[in-house]
Amino acid sequence: MGLLGSKNNNKEQDNHEPAPRTKSSNNKPAVAPNNLLVLHRLGSQFFDADGDLAHEFYEQVSLADGRTTMRRVTQGLRHQGLVALETPRLHPDCPCVLLML
């Protein structure tokens, strides 16, 4: 049941005033957690044996009947790794509330 339809009419439950704040003994400013900003991301491109960087690599293959086609290369590629972001981003699992004053 909701507050208005509650059968228990205690004065404690009807009091909607916020609890008084207690002053802490140390007056340190609030500090943001270390994992608030993301500075790097995992790259989506690959390096081939020649050092070229691309999302996909293809090689030209001649068939037995004389035609030429392109075949996707999947072996011998290295992942790009971590890439620095130009602008830091907020972490998606940000554990704090952000407030603009």
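In which sense do β4 and β5 pair, and over how many bridges?

Modeller: First, the ground rules. This is a predicted model, in which local features need pLDDT of at least 70 and side-chain atom pairs count only at pLDDT 80 or more, while totals for chains, interfaces and linings use all residues. Residues are numbered from 1 along each chain as its sequence is written, and side-chain values use heavy atoms, with hydrogens and water left out.

Now your question. β4 and β5 pair in the antiparallel sense, over six bridges. Strands pair if DSSP finds at least two bridges between them. Strands themselves are DSSP runs (E, at least two residues), and helices are runs of H or I with at least four; both are numbered from the N terminus. Five residues separate β4 from β5 in the hairpin. In that turn, G66 has a positive phi of about 95°.

Next, the charges. Side chains of opposite charge can pair when their charged atoms come close. A salt bridge here is a side-chain nitrogen of Lys or Arg within 4 Å of a carboxyl oxygen of Asp or Glu. The rule gives three salt bridges.

R71 and E59 form a salt bridge, with their closest N and O atoms 2.2 Å apart. R71 sits in strand β5 and E59 in strand β4, so this pair links distant parts of the chain, twelve residues apart. In β5, R71 is also the bridge partner of E59. For exposure, buried means under 20% relative accessible area, exposed over 50%, and partly exposed in between (1.4 Å probe, protein chains only). R71 is partly exposed at 47% relative accessibility. E59 is partly exposed too, at 33%.

R72 follows. Its side chain meets that of E56 in a salt bridge (3.6 Å, N to O). R72 belongs to β5 (residues 68-73), whereas E56 is in the loop between β3 (53-54) and β4 (57-62), so the pair ties together parts that are 16 residues apart in sequence. Both are partly exposed: R72 has a relative accessible area of 49%, and E56 has 39%.

Then D65 and R67. The closest N and O atoms of this salt bridge are 3.0 Å apart. Both residues are exposed.

D48 makes a contrast. D48 lies in the loop between β2 and β3. D48 is buried yet has no salt bridge. The nearest side chain of opposite charge is R78, 7.5 Å away; Lys and Arg count as positive and Asp and Glu as negative, with His and the chain ends not counted. Beyond its neighbours within four places in sequence, D48 is in contact (heavy atoms within 4.5 Å) with F57, G76 and L77.

Strand β2 (residues 46-47) runs antiparallel to β3, joined by two bridges. F46 stands opposite A54 in β3. An open sheet of three strands has the order β3-β2-β6, paired antiparallel. β3 and β6 (78-79) are the edge strands, each pairing on one side only.

Last, the whole protein. One helix and seven strands are present, in the pattern α-β-β-β-β-β-β-β along the sequence. Of its 101 residues, 5% count as buried. Among contacts between residues at least 6 apart in sequence, 58% join residues at least 24 apart.
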